[in-house]
Amino acid sequence: MQDKVAIEMKDISKAFGAVKANENINLSVLNGEIHALLGENGAGKSTLMNMLSGIYNPDGGTISIYGREVKFNSPKDSIRMGIGMIHQHFKLVDVLTAKENIVIGQKGNFFTRGKELSRKVREISDRYGLDINPDKKVYEMSVGEKQTLEIIKVLYRGAKILILDEPTAVLTPQEIKRLFQILRNMKEEGCAVVIITHKLNEVMEISDRVTVLRKGNSIGTVETSKVEVSNLIEMMVGKKVDLAIKKETFANPKPLLDVDNLSVLDKEKKPALDQVSFTLNSGEILGVAGVAGSGQKELCETIAGLIHADKGRIFFEGGNIVGKTPRDIIRLGIRMGFIPEDRLGMGLVGSMDIVHNLILKDYQSQPGIFLKRGPCVEKANKIVSRLDISTPDIYTPVKRLSGGNIQKVLLGREIDAAPKVLITAYAVRGLDIGASYKIYDLLNEQKARGVGVLFIGEDIDVLMDLCDRIVVLCGGKLTGIVDPGQVTKEEIGLLMAGGTLEKEVGQA
Amino acid sequence: MNFIKITKRDDLPRNKAILIRGVAILLSLICAGLVMLIFGLEPIKIYTEIINGSLGSEMRIKQTIIKAIPLVITSLGILVAFKMKFWNIGAEGQIIMGAMAAAYVALNYGETPKPVLLLLMVIASMLAGGIWAFIPAFFKAKMGTNETIFTLMMNYIAIKFVTYLQYGPWKDPGAQGFPKIAQFGDNAVLPAVFGIHAGWIIALILVVLMYIFINHTKKGYEITVVGESLETARYAGMNIKSIIITAMLISGGLCGLTGMIQASAIERTLTSGISAGYGFTAIITAWLARLNAIAVLVVCILFAMLIQGGAYLQIAMNVPESVASLVQGSVLFFVLGSDFFIQYKVSLQGLFRKKNAEEGGAA
């Protein structure tokens, strides 16, 4: 390469309507470097990279690739310049094989020469240490393999600059390790790699330099080896953040929700929950751990009355609520809040504004046939200011808000109803550090008010820091109820895999 | 392909969206005009004559309004269903069944005092139209059948059923063998107000009621939520089956009412062709009005002008009526097409920028 600098972005600005997504951002990435682009959701990372891959045009500023100023009109221009972007959602055709996916959309002869193609793919694979079978169909691949295929796809198109948008969000720890090895190999080959992320430990592990963005501005570029995690957080959030989650214990817990021998069948009539029993007390956060699909979704939805229990009972302050629909639950005045996993698909109506999303839980208890918006307008203003939701106004469709703000609207609505029990499914999934900690704080606030919180989580560290007790599920069976103070992460992992512990702690 | 650049718009100011739609309508008229030119017609003259034919005299204005009435009421019916994303393509059948029920009352209880008889006809027609829409709604709610196909096929059942009545049991013995159903008695005919049958008052009232229903009632809100996301409706504890069925009863009931008005005020009898395509045209008008009740009124009047103006063209200028259909089709095409430009920004400046990118590419 002629120059050591692969990408040079200068004073890049981009606005969407009134929102300035990027303002005078500077970024330079060298050949043979892994460069992390760090920032909270909505900081402008994706916008910046979309300009680099030709999806958007900058309003101002210049982009130079290998020292030459360029203007991209489409992703094709960008690919021609050797830039390849790996999106968070893979763009692969399921029914085709790996190599067919590689050549799809490429200019070439009418007939593809299968053997030559396989050879070329192998060549790339060997060079970067990628492991893939060119004749395997995509639907047979694991998530990690699909990602590898995406990488080969852009390399096949001649990419020397690779951009990865949150590549680890969907991977298991082993797959992440493998991905990082691939990235290191690419670095050895002199490629420039940009990795977008908000996971700090990954930044520290893989990157050579970090550029931090905050609210559309570039805060600075630092060498990873010369900074601490806490410095990065401060750059990201703009203030010192205490990363410890506080945990208080409250006296006199009384049982609020008593799940007794609950069994639920899934659509194929196989048991999704199998004789699960536990008690949720007032003033506690009860965590639920388990690998994905262990029955967490069924547990939440059965309690909320969305799916029918096959056997068993659920007592809410002594009354059995099994068989009650969500409507019955609202009508009986059972104060239960539910933050479902699918926020826009279930908890909220994406195309409606905040006011109309607040009405959703409210309108049934209003008298008469007319819809009263007044109280909800007030409530919307209150929630927006109390939870610090950043939105142009309360009449913006919620799907236009960022993930963290969407979650705040949902949580705000549920908290506003003064629930006694709050069920949260993956409450911080997809949220950045700042938003996640805000959510933890809000849950702790509810706990202090005496609410019993059921917290379905995926990050064991968070579960251990936040929860008073943890219920562990494996394949729909309850494998243990533990006190996070008395067990190790590994022991919880063992329970998640279906093992048993000799010391049962907490109340079973 | 590089000269055209397409980017998604996040937020388009309202007045700009209106401008885009306006340009689309203008273009549709130009495009239809070009086709007319090819056939040796004079577009300017034809457009003037369409306006002249629909608004040129008191009688023509009345005719236009008479054509707007069934369109408005049917569009409102379709609007309710579409708001719920329930694709009711069965307005034709619902109109016919409504007309049939009204005819049954009119023919069998013709001696009843006029106000009572008309009220009975209204109730009967709305019930019949409602039931005709309820059947597909019921199967959709219970078994998840596809409502598009279901409602469409219900149309043909309705048409054939009325044809059967016309040729069989309801054939007028006094029609000298013609397959006709007897004329309604005077008591069964809607009175005129300001020279136009009272349907226009009904239509105006319904527009206002529908606007209030969709925007200011709980049911209207529920219908909108069900249309946006079934899961959310379930989560919020809505009774989805009852919402679907209520909405379809309203939808079919309004279409049925159209049938009664047409049978009573226009045909004064029942024929299998009573719906005259209004059930399909109303799908277009409801959609062009973006499912807004007030906009439905405006769009339907414009479409009624096209229908009436087209009929006038045929008589006055000896130009086929299909010229008006051509304009209709062209408007629909351009206005629906303009949605793309409202959601996406297309810029052509790529032509100049392309050069730069290529220079860069050579590096």
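**Before going on.** I noted that this is a predicted model, where local features need pLDDT of at least 70, side-chain atom pairs count only at pLDDT 80 or more, and totals for chains, interfaces and linings use all residues. Residues are numbered from 1 along each chain as its sequence is written, chains are lettered from A and ligands numbered from 1 in the order in which they are written, and side-chain values use heavy atoms, with hydrogens and water left out.

**A:S436.** I found A:S436 in helix α15 (residues 433-448) of chain A; helices (H or I, at least four residues) and strands (E, at least two) are DSSP runs, numbered from the N terminus. A:S436 counts as buried because its relative accessibility is 7%, and buried means under 20% relative accessible area, exposed over 50%, partly exposed in between (1.4 Å probe, protein chains only).

**A:R331.** My next stop was A:R331, in helix α10 (residues 326-331) of chain A. Its relative accessible area is 61%, so A:R331 is exposed. Its side chain makes a polar contact of 3.0 Å with that of A:D328. Such a contact is a pair of N or O atoms within 3.5 Å; within protein, one must be able to donate a hydrogen and the other to accept it, and residues adjacent in sequence count only if both atoms are side-chain atoms.

**The four-stranded sheet.** I traced an open sheet in the order β2-β1-β4-β5 (chain A), with antiparallel pairing; two strands pair if DSSP finds at least two bridges between them. At the edges I found β2 (19-30) and β5 (68-70) of chain A, each pairing on one side only. Five bridges join β1 (residues 5-16) to β4 (residues 60-65) of chain A, and A:E8 has A:S64 as its bridge partner in β4(A). Helix α1 (residues 45-52) of chain A packs on this sheet, touching β1, β2 and β4 of chain A, at about 120 degrees to β1(A). Axes are lines fitted to C-alpha atoms, for helices over the stretch in contact, and angles run from 0 to 180 degrees between N-to-C directions.

**The six-stranded sheet.** I then followed another open sheet, ordered β6-β7-β8-β3-β9-β10 (chain A), with mixed pairing. Its edge strands are β6 (83-86) and β10 (217-223) of chain A. Strands β3 (residues 33-39) and β9 (residues 209-214) of chain A run parallel, joined by five bridges. I saw A:H35 opposite A:R209 in β9(A).

Methods
Contact = heavy atoms within 4.5 Å.
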